[in-house]
Amino acid sequence: VAKRNQGLAGVLLAYVFKGSKVILLSERLCSDVTPVVERDQILICPNGLGEPLPASEVTVKEKQLETTPTVLFLSNLIKEKGIDLLIEACERLTKAGLTYRCVIIGGDADRSKSEVEATLREKDLDNNVDCVGKRYGEEKEKYLAEADLFVFPTYYYNETFGLVLLEAMRHGLPCISTDTGGIPDIVLDQKTGYIVPQQDPDALADRMLELLENSELRSRIGQAGEQHYRKHFTNKEFERRMIEVINICLA
């Protein structure tokens, strides 16, 4: 909305939003609509996702601390979602001699699975990094359950909330992402994960290295993330807030 608030479009937007309530996923998204909407018109209702997993499915991470740690990326293969940045960071980790595994899940977009695989071979990363294509349902849940770290270095221009981060936190995974859209409401820097600068593979690699080398830190941050999800981002909490928002609108 902010980008389109010019000329006739701006006049029409102001008319459309006049007297309306606007529901946003995060306080951090207000700047997109405040050119045509007053702050008291805005209501915040973050997304929710599923219900907490049984404790046994989350704490299994503690039994995997001595195994080779696995990094997971889950998104369509879009450059701006950070796929190339992740590969650059993995290249740095491999050159540093780190033992790890990285799994890239996602359907073809402006990067195809074959292109990603070719890049991995070119950079001699195919022994550490696997691009497995699309995965859904129970198969996707299995990858989440087996991972130790979730990385989502997005700089997508239209990023709003990053539901994949909730999926990861539901499984007790520490998350690394960026200050994009409402993501810092999900990933609390140095508490439930790390926020790194956009398009900075060195900073990304540094944080990945820190977590991959320290199983106790991974476990502690992952548990904090799961508790943050459990408190703020379940479907039940989303429904509670949505009812609250609707009541405000009807008052």
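**Entry 1: the second largest pocket**

I began with the second largest pocket, which has 17 lining residues, L74, S75, N76, Y136 and V164 being those nearest its centre. Before going further I noted that this is a predicted model, in which local features need pLDDT of at least 70 and side-chain atom pairs count only at pLDDT 80 or more, while totals for chains, interfaces and linings use all residues. I also noted that residues are numbered from 1 along each chain as its sequence is written, and that side-chain values use heavy atoms, with hydrogens and water left out.

A volume is the space filled by probe spheres set on the points, with grid points joined across faces, edges and corners. For the second largest pocket that space comes to about 250 Å³.

I looked up which element gives the largest share of its lining, and found helix α6 (residues 163-170) with three residues. Helices (H or I, at least four residues) and strands (E, at least two) are DSSP runs, numbered from the N terminus. I then sorted the lining by class, where Ala, Val, Leu, Ile, Met, Phe, Trp, Tyr, Cys and Pro count as nonpolar, Asp, Glu, Lys and Arg as charged, and the others, Gly among them, as polar. The lining of the second largest pocket has six nonpolar, five polar and six charged residues.

**Entry 2: the largest pocket**

I found about 420 Å³ of space in the largest pocket. Its lining is made of 16 residues, and L29, D32, Y157, N158 and E159 are the closest to its centre. By class, I recorded seven nonpolar, four polar and five charged residues for this lining.

I next asked how many of the residues of strand β4 (residues 101-105) are buried. Four of the five are, with buried meaning under 20% relative accessible area, exposed over 50% and partly exposed in between (1.4 Å probe, protein chains only).

Two strands pair if DSSP finds at least two bridges between them. Strand β3 (residues 70-74) pairs with β4 in the parallel sense over five bridges, and I saw that F73 stands opposite I104 of β4. On the other pairing I looked up, β4 and strand β5 (residues 129-133) run parallel and are joined by four bridges, with G133 in β5 as the bridge partner of I105.

I followed the chain from β4 through helix α4 (residues 113-122) to β5, a β-α-β crossover that is right-handed. This means that, with the strands pointing away from the viewer, the path from the first strand over the helix to the second runs clockwise. A right-handed β-α-β unit is also made by β3, helix α3 (residues 83-95) and β4.

**Entry 3: a cavity by the strands**

I counted two cavities of 30 Å³ or more.

**Entry 4: aromatic pairs**

I used this rule: rings of Phe, Tyr and Trp (its six-membered ring) pair if their centres lie within 6.5 Å, and planes under 30 degrees apart count as stacked, over 60 as edge-to-face and the rest as tilted. The count comes to two aromatic pairs. Y156 and Y157 are edge-to-face, at 5.1 Å centre to centre with 65° between the planes. Y156 is partly exposed at 23% relative accessible area, and Y157 is exposed at 58%.

F161 and F233 are also edge-to-face, at 5.9 Å and 70°. This pair links distant parts of the chain, 72 residues apart, with F161 in the loop between β6 (149-151) and α6 and F233 in the loop between α9 (215-232) and α10 (235-250). I found F161 buried at 1% relative accessibility, and F233 buried at 4%.

**Entry 5: positive phi**

Most residues other than glycine have a negative phi. I noted that Q190, in the loop between α7 (183-186) and β8 (193-196), has a positive phi of about 70°.

Key. On a 1 Å grid over the protein atoms alone, a cavity is a set of points where a 1.4 Å probe fits but cannot get out, and a pocket is an open set with protein on both sides within 12 Å along at least five of seven lines; lining residues have an atom within 4 Å of a point.
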